[in-house]
Amino acid sequence: MDYFLTEDQIALRDLVRKIADEKVRPVAAELDREGKFSWDLVKVFAESGLYGVVIPEEYGGTGQGVLELAIVSEELAKACAGVTLAVAASALGAFPILISGNDEQRSRYLPDLASGKYLAAFCLTEPEAGSDTASIRTRATRVGDEYVLNGNKIFITNGGVAHIYTVIAVTDPKRGARGVSAFIVQDDFPGFQLGKEEDKMGIRASATREIIFDECRVPAKNLLGREGEGFRVMIQTLDKSRPGVAAQALGIAQGALDLALDYTHKRVQFGRPISGNQGIQFMLADMATQIEAARALVYAAARFVDSGAKNIARASAMCKLMASDVAMKVATDAVQLFGGYGYMRDYPIEKYMRDAKITQIYEGTNQIQRLVIARTLIREAAARG
Ligand SMILES: Cc1cc2nc3c(=O)[nH]c(=O)nc-3n(C[C@H](O)[C@H](O)[C@H](O)COP(=O)(O)OP(=O)(O)OC[C@H]3O[C@@H](n4cnc5c(N)ncnc54)[C@H](O)[C@@H]3O)c2cc1C
């Protein structure tokens, strides 16, 4: 289908598709096997300007938006969903600065993020606070012209490879969600420590790590917005970022379907390619239809976010929910179409199934996306009376 992309968007898609095919696909299996983050690929992405997509031109980016970030994520994830996060999670970490950074903070941090000199990460999740984000305990206490942070964040994508961390912490425990604030923390600030490095089922080319703040001293000028605004920054960050996760899921699904089409056309059983069987054709047709429906929703939601509309939470949650469920279904069906070979590491398809699963879990599980969607529906119905 034609999504009426602009010339610039088509050029970006074609550029990333080429990078994915020529640079990412050949190393995807090795990075997955070794659970290795690739700085070589970061260099390629940086030289191609992929880190600047969501950063305004005045700070060295290309001033594009969430739709362009989705295009980048989709194309990279067709080849390797793990590698995709070297770009997408840096955008996630930059969003709080884009949302509520002042001129000085933007000038100080965004140019190095746009160029890919430094990567960013977003630190919200804690051992006792996953879906229940209001339960975070990491404390930020004002001492003179600094904040002192104590606590630990887990499962942080780009943890250990990023230099800049946007961190959500409690500044006033008595005020609940209004007592939460957002900070920019550098990995060279005193008291910043790296904790456990995770060994994961999928997206193994992505770095995931615990971040520990042990009397970590953060200059007060690194507070984003005002004290108490952290919860709003966190919600707006996730609203902007979820279409990117949806696009990553879309890329996984499309990549899995492409492999399944190729395989079912070549695999001969009962004297003909297995794609000659109607039962297989129905599966391929359903997979392609689900992917196209997800793509339409992801692109529409990304455009809606880029429009500057305020009420983006539902669209953002819907596209993440749908695309990730499609990715899991399509990748599982693709393994089925490969038969026993699909279960073997020698073939690339099982990785897509492992990679797909995370898209239903992070940046809010799909149960949480359903809660976000339902709450907006119920609120609107109540307002109508
Ligand atoms: C590979 C990876 C990368 C990640 N990257 C980051 C990152 O960069 N930054 C960051 O801050 N976090 C990150 N996360 C954390 C991720 O966002 C959380 O794991 C996720 O939000 C779920 O939290 P939890 O793991 O604590 O699960 P829990 O909240 O304990 O949930 C367990 C189960 O209960 C369900 N559940 C919980 N509450 C409800 C409810 N009210 N109604 C219905 N069902 C419910 C959940 O859907 C889930 O199925 C990452 C996680 C992983 C695995």
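User: How far from an oxygen atom of the ligand does a polar side-chain atom of Thr365 lie?
Analyst: This is a predicted model, so local features need pLDDT of at least 70 and side-chain atom pairs 80 or more, while totals for chains, interfaces and linings use all residues. Residues are numbered from 1 along each chain as its sequence is written, and side-chain values use heavy atoms, leaving out hydrogens and water. A polar contact is an N or O pair within 3.5 Å. For Thr365, the gap between its polar side-chain atom and the ligand oxygen is 2.6 Å.

User: How much of the ligand's accessible area does the protein cover?
Analyst: On its own, the ligand has 970 Å² of accessible area (Shrake-Rupley method, 1.4 Å probe). The share of this that the protein covers is 65%.

User: How many residues surround the ligand?
Analyst: The closest ones are Thr125, Ser131, Phe155, Thr157 and Thr365. Counting every residue with a heavy atom within 4 Å, the ligand is surrounded by 19 residues.

User: How are H1 and H2 oriented to each other, roughly parallel or roughly antiparallel?
Analyst: Helix H1 (residues 7-34) packs with helix H2 (residues 39-47) at about 165°, and their axes are 11 Å apart. Angles run from 0 to 180 degrees, with over 145 counting as roughly antiparallel and under 35 as roughly parallel. H1 and H2 are therefore roughly antiparallel.

User: And which way do H3 and H6 run, roughly parallel or roughly antiparallel?
Analyst: Helix H3 (residues 66-79) and helix H6 (residues 230-266) pack with axes 7 Å apart, at an angle of about 30°. That makes H3 and H6 roughly parallel.

Terms used. A polar contact is a pair of N or O atoms within 3.5 Å; within protein, one must be able to donate a hydrogen and the other to accept it, and residues adjacent in sequence count only if both atoms are side-chain atoms. Helices (H or I, at least four residues) and strands (E, at least two) are DSSP runs, numbered from the N terminus. Angles under 35 degrees count as roughly parallel, over 145 as roughly antiparallel, 65 to 115 as roughly perpendicular and the rest as oblique.
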